[in-house]
Amino acid sequence: MTKIIKHFIALILVFGAAFNINAQTPEERGLEIAKEADHRDNGYQDMMAQLTMELRNKQGDVSIRQVRVN
């Protein structure tokens with residue numbers, strides 16, 4: 001039984017090392033993330049916002065304000 005466990009652990013270590021050939025340091029991974037974020041940052045190309053506010057005073061009167069940004 002222990003022989004099977006030893007072989008299983010050895011296989012896990014071999015396959016684990018094989019799959020981590022391209023392992024990165026935290027610094028390399030951080031640089032990769034920053035480059036990807038910079039690449040994806042295209043700014044706002046097409047944006048629209050519409051807002052409606054209901055303002056109520058102590059007497060219960062309501063004023064409605066609408067804002068639209070293109």
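**View 1. Leucine 51 and its partner across the strand pair.** In this predicted model, leucine 51 has valine 67, a residue of strand E2, as its bridge partner. The two strands concerned are E1, which covers residues 49-56, and E2, which covers residues 62-69, and they pair in the antiparallel sense over 8 bridges. Between the strands of this hairpin lie 5 residues, and glycine 60 takes a positive phi near 95 degrees.

**View 2. A nonpolar patch on the surface.** Met47, Leu51, Met53, Leu55, Val67 and Val69 form this patch, and together they have about 490 Å² of accessible area. Each of the strands E1 and E2 supplies at least two residues of the patch, although E1 gives the most, with 3 residues. Valine 69, one of the patch members, lies in strand E2 and counts as partly exposed because its relative accessibility is 40%, a value that falls between the limits of 20% for buried and 50% for exposed residues.

View 3. With a relative accessibility of 38%, glutamine 24 counts as partly exposed. When its neighbours within four places in sequence are left aside, glutamine 24 is in contact with Arg29 and Glu32.

**View 4. The salt bridge of arginine 29 and glutamate 32.** The side chains of these two residues meet in a salt bridge, with a distance of 3.0 Å from N to O. Arginine 29 and glutamate 32 are separated by about one helical turn, because they stand 3 residues apart in helix H2. Both partners are partly exposed, glutamate 32 having a relative accessible area of 37% and arginine 29 one of 39%.

**View 5. The salt bridge of glutamate 54 and arginine 56.** Here the closest N and O atoms of glutamate 54 and arginine 56 are 2.8 Å apart, and the two residues form a salt bridge. Arginine 56 is exposed, with a relative accessible area of 59%. The count of salt bridges for the protein comes to 2.

**View 6. The whole chain, for orientation.** The secondary structure of the protein comes to 2 helices and 2 strands, and from the N terminus on these elements run in the order α-α-β-β. Of the 70 residues of the protein, 0% count as buried. The accessible surface comes to about 7,300 Å², and 57% of that surface belongs to carbon and sulfur atoms.

Note on methods:
Residues numbered from 1 in each chain as written. Predicted model: local features only at pLDDT ≥ 70, side-chain atom pairs only at ≥ 80, totals over all residues. Heavy atoms only, no water. Pairing = 2+ DSSP bridges. Helix = DSSP H or I, 4+ residues; strand = E, 2+ residues; numbered from the N terminus. Patch = residues over 30% accessible without salt bridge, like charges linked within 9 Å, V, L, I, M, F, W, Y side chains within 5 Å. Areas by Shrake-Rupley, 256 points an atom, 1.4 Å probe, with all protein chains shown as cover. Salt bridge = Lys/Arg side-chain N within 4 Å of Asp/Glu carboxyl O. Buried < 20%, exposed > 50% of the residue type's maximum accessible area, 1.4 Å probe, protein only. Contact = heavy atoms within 4.5 Å.
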